[in-house]
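Here are some exercises to work through with the viewer open. Try each one yourself before reading its solution.

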Amino acid sequence: MPSLPPTEQRNPDTLTIDRLGTFELLELINDQDATVPAAVRAALPQLAELVDTALAVLRAGRRIHYYGAGTSGRIALGDAVELGPTYGVGPETVIAHLAGGPGARGTAREDAEDHAPDEHPEDAPVRGDLVIGVTASGRTPYVAAALREARSIGAATALLSGDPAAPIAQLADLHIALDTGPEVVTGSTRMKAGTAQKLALNAFSTALMVRSGRTWSNLMIAASARNAKLRERAVRTLVTACQVTPDTAAEVLAACADETPTALVTLVTGATPTAARAALAAHHGHPWAAVRALNGQA
C-alpha cells in the first residue's frame, strides 16, 4: 500500500480534540495554524522562481493557468478572480480550471478530481503558457493530467503541493512544496494545507503584479476605472501618488482615456499622454521604468 501524503496522516498533537472544551479546542487549532507561515517561508526560493517564470510568460504575451480540485481548486479560482478588480487582469490572462467545471465552485464535486480536464479550445493552454497545478496531496489525477498535457505541448509547468515527495512532481518543471504536515482533523485539507495554498498564491500573484508594473510604490494603479466609483478611486490614487489636486488628477485621467498608469506617468513627467503610453509599452507597462526613460535616466 503506498504511503500516505503528510496531509492525510494522523496528527499526534490533536488526538484528544473531541474531549476538549471550546476555548481549548480553538487554542489547539490556532497553535496548528501558527505553523503555516513557516512552511510557506521555507518554499520562498521556489516561489520566487515561479514568479520570475510567470513574469517571462506574461511578457511574451502568454497566459497563466491554475488547475485544482476541491478546496485547492476553489482557492486557486479565488486568487485568479481577485486579480481583475485589484489589478485589472482578467481571465484572458490568468485562467482558473476547476475539476467539475463552474458548478463545482459552490457545490463539491469529489468525483471530478479523478478525471482529466475537459477543455474548451479558448481556455486550453498552448505552447509558451504556464500551467500551475494546485493539490494538497500531490497526487490528484485531475492535476496530473493537466500537467502531463501541458508538458506535451511545450507549456511551462509547476506544482504547488503539500507533499515534498509528491508523486506527480515529476510532471512539473518546478515543485513548490508547502509542508504543513498532518491536519487538525485527519485529511481536512481545507485547514492548514488550504491556508498555506492561500498564502502562497496570494504572495505569488501579488509579487507577479508588482513585478509587472501594476503598482506605484504600494498603490494599485492598474485597477479598472470603468465606472464612477472606480474612477473616483483612480483619482484618489493619482492625488496620493503625484501630490496634485483632485481636479487636476481627474482632468489628466480623462485625457488619458481613464488609463491610470498613463495618467500617472503623464503627471510625474509632464509628458503627453501619447508619450507616456509609448514609454509604458516600451518598458513592459512598468511605470517607474517609463518615468526614468522619459526623464532621460538610464
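The exercises below go from the sheet to a helix and then to the domains.

This is a predicted model, in which local features need pLDDT of at least 70, side-chain atom pairs count only at pLDDT 80 or more, and totals for chains, interfaces and linings use all residues. Residues are numbered from 1 along each chain as its sequence is written, and side-chain values use heavy atoms, with hydrogens and water left out.

**Exercise 1. Work out the strand order of the open sheet and name its edge strands.**

Step 1. Strands (E, at least two residues) and helices (H or I, at least four) are DSSP runs, numbered from the N terminus. Two strands pair if DSSP finds at least two bridges between them.

Step 2. Strand 2 and strand 5 (174-177) each pair on one side only, which puts them at the edges. From one strand to the next, the twist averages 20 degrees.

Step 3. Look at the bridges: five join strand 1 to strand 3, and six link strand 3 with strand 4. Tyr 66 faces Ile 132, Tyr 67 faces Gly 133, and Leu 130 has Ala 156 of strand 4 as its bridge partner.

**Exercise 2. Decide how enclosed strand 3 is.**

Step 1. Buried means under 20% relative accessible area, exposed over 50%, and partly exposed in between (1.4 Å probe, protein chains only).

Step 2. Leu 130, Ile 132 and Val 134 point one way, while Val 131, Gly 133 and Thr 135 point the other way; all are buried.

Step 3. Six of the six residues are buried, so strand 3 is largely enclosed by the rest of the structure.

**Exercise 3. Check the length of helix 4 (residues 70-87) and find what covers its buried residues.**

Step 1. The expected span is 1.5 Å times one less than the number of residues. For the 18 residues of helix 4 that gives 26 Å, and the end C-alpha atoms are 26 Å apart, which agrees.

Step 2. Buried residues of helix 4 include Ile 75, Leu 83 and Tyr 87.

Step 3. Their cover includes strand 1 (64-68), strand 2 (94-98), strand 3 (130-135) and helix 6 (192-211).

**Exercise 4. Describe how domain 1 and domain 2 meet.**

Step 1. An automatic or database assignment supplies the bounds: domain 1 (6-212) and domain 2 (215-295).

Step 2. Counting contacts (heavy atoms within 4.5 Å), nine residues of domain 1 touch seven residues of domain 2.

Step 3. Buried area is the accessible area (1.4 Å probe) that two parts lose on being put together, summed over both. Here it is about 680 Å², 53% of it on carbon and sulfur atoms.

Terms used. Axes fitted to C-alpha atoms, helices over the stretch in contact; angles between N-to-C directions.
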